[in-house]
Amino acid sequence: MAGDTTLPGRPAGRLNAVDKAVPPWADGLTVEEFLAREPRLSSLGTPLLVLDDDAIEDNLVAFAAYCAEHELDLAPHGKTTMSPTLWRRQLAAGSTAITVANYPQLRVAVAAGVPRVHLANAIADPGGVAWLGAALDADPGLEVEVWADSEATVTLLADALAGARRPLTVLVEVGSLGARTGARTLEEAVAVGEAIAASPRLRLGGVAGYEGAVAHDVTPTGLARVDAYLETMAAVHRRLADSYSEDGPVVVSAGGSAYFDRVAAVLGPLRDDRTKVELRSGVYVIHDDGFYASVAPADRGIPAPRLRSAMRIWARVLSRPEPTLVLLDVGRRDVSFDDGLPVPQVAATTLGGPQRPLVGAVATAINDQHLFLTVPADDPVAVGDVVGLGASHPCTVMDKWRTVPVVRGRAGHGDDPVVVDLVATYF
């Protein structure tokens, strides 16, 4: 990878109390020393997030095959995991870049040695732009592209790059009325593109947008909004055909993890010898048991990768103060709650032990450190038992853990999987 890799993929130094996923007996050990003991899931404590190595690998392979089949580039959104270890696995599987969402994440990606970084946003901090210009000048192997949705942004970028030797690649961001950032009309987007092309400090590199900002469902109406938005992106790209610089490829970039099939269908035909159509789907590497599982193209009957969740949260029963009420030792500090509460899936008497389906259990509320479950009165789950939870939106699960164990094979059939890695996150 480009640059001086300063951010390790595993926790640096020796494990200690702030690595909440590891047990007390690991305090003072390096990650390598910890893994050499071949720790099992049963040796860890709760609350706990674990990743399934086999599911990650299956998702990587399946999504890479889909992109190859449809001749799409893949620049997965790194904010899902903020894990250099997982970014490197994505790049090794054929991804052409790692996407980030803001200036601090961009700094992490550059420090981790990612050779091409797609910033799916604008930078409005002049100091941040100046830093980026210096980083590009210092490392000829580093490539970064950013977005702009207004001529004011273009002016800010150009002014902050005074003295930089390399032009910054900028993509026009197309938006939608009432949605997030992005030029609101085709004419506005074209004007932004022409302003980029006119600046000697910038390079017009293509068109970008995020279709997930215009819909949050897979109803016919929602899919129609997505398609209309993507058609506008395609129209902006065609209008800017004569403004693109001659010194590099043109990128048309879209595609979250819910509607990537529509990007392939609507934007895919724009591919040519010069134009690359790029997906930025990031959730696919972890997937989930919530929102993304409910809208995944494969579950809509579309020929697409059938992904599986690679994350499970384990929690312990702290209390059963009423016949149908169970309190778990997991809360807002440990698991996502922004796109649905965790889903109770299985119960066991011990971590790594035989599991049984937790039928009829429903999460009803979450506090900072407690999850409330309603369970059938005759369910035997008791204080000290563990519950395996599915979760929605891996981005807001991973950001609660600085150290995440990876196990080889999900515990599920009486096995006690071995911990094969500890990945560090940098949120």
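Me: In what order do the 8 strands of the open sheet run, and is the pairing parallel or antiparallel?
Reply: This is a predicted model. Strands of a sheet pair through backbone hydrogen bonds, either parallel or antiparallel. Here the 8 strands form an open sheet, and the pairing is parallel. The order is β2-β9-β8-β7-β6-β5-β4-β3.

Me: Which strands stand at the edges of this sheet?
Reply: An edge strand has a single partner strand, so one side is left without a neighbour in the sheet. That holds for two strands, at residues 73-74 and 98-100. They are β2 and β3.

Me: Which residue of β5 is the bridge partner of V117?
Reply: Strand β4 covers residues 116-119, and strand β5 covers residues 143-148. The two pair in the parallel sense over 3 bridges. The bridge partner of V117 in β5 is V144.

Me: How do F63 and F260 pair: stacked, tilted or edge-to-face?
Reply: The ring centres of F63 and F260 lie 4.9 Å apart, within the 6.5 Å cut-off for a pair. Their planes make an angle of 70 degrees. Planes over 60 degrees apart count as edge-to-face, so the F63 and F260 pair is edge-to-face.

Me: How many residues apart are F63 and F260 in the chain?
Reply: F63 sits in helix α2, residues 53-69. F260 belongs to helix α9, residues 260-266. The pair links distant parts of the chain, 197 residues apart.

Me: Is F260 buried or exposed?
Reply: Buried means under 20% relative accessible area. F63, its ring partner, has 0% and counts as buried. F260 has 2%, so F260 is buried.

Me: Which residues do ring pairs link into a cluster with F63 and F260?
Reply: The count of aromatic pairs comes to 7. Ring pairs link F63 and F260 into a cluster with two tyrosines.

Me: Which ring does the charged end of K20 sit over?
Reply: Elsewhere, R332 lies over the face of F337, at 4.6 Å from the ring centre. The charged end of K20 also sits over a ring, 4.0 Å from its centre. That ring belongs to W401.

Me: What is the radius of gyration of the protein chain?
Reply: The chain holds 11 helices and 18 strands. For 427 residues the globule rule gives 22 Å. The chain comes close to that value, so it is as compact as a globular protein of that length. Its radius of gyration is 23 Å.

Me: What share of the 427 residues is buried?
Reply: The accessible surface comes to about 16,600 Å², with 53% belonging to carbon and sulfur atoms. Among the 427 residues, the buried share is 56%.

Note on methods:
Residues numbered from 1 in each chain as written. Predicted model: local features only at pLDDT ≥ 70, side-chain atom pairs only at ≥ 80, totals over all residues. Heavy atoms only, no water. Phe/Tyr/Trp six-rings, centres within 6.5 Å; stacked < 30°, edge-to-face > 60°. Helix = DSSP H or I, 4+ residues; strand = E, 2+ residues; numbered from the N terminus. Buried < 20%, exposed > 50% of the residue type's maximum accessible area, 1.4 Å probe, protein only. Lys NZ or Arg CZ within 6 Å of the ring centre and 35° of its normal. Rg over C-alpha atoms; globule rule 2.2 N^0.38 Å. Areas by Shrake-Rupley, 256 points an atom, 1.4 Å probe, with all protein chains shown as cover. Pairing = 2+ DSSP bridges.
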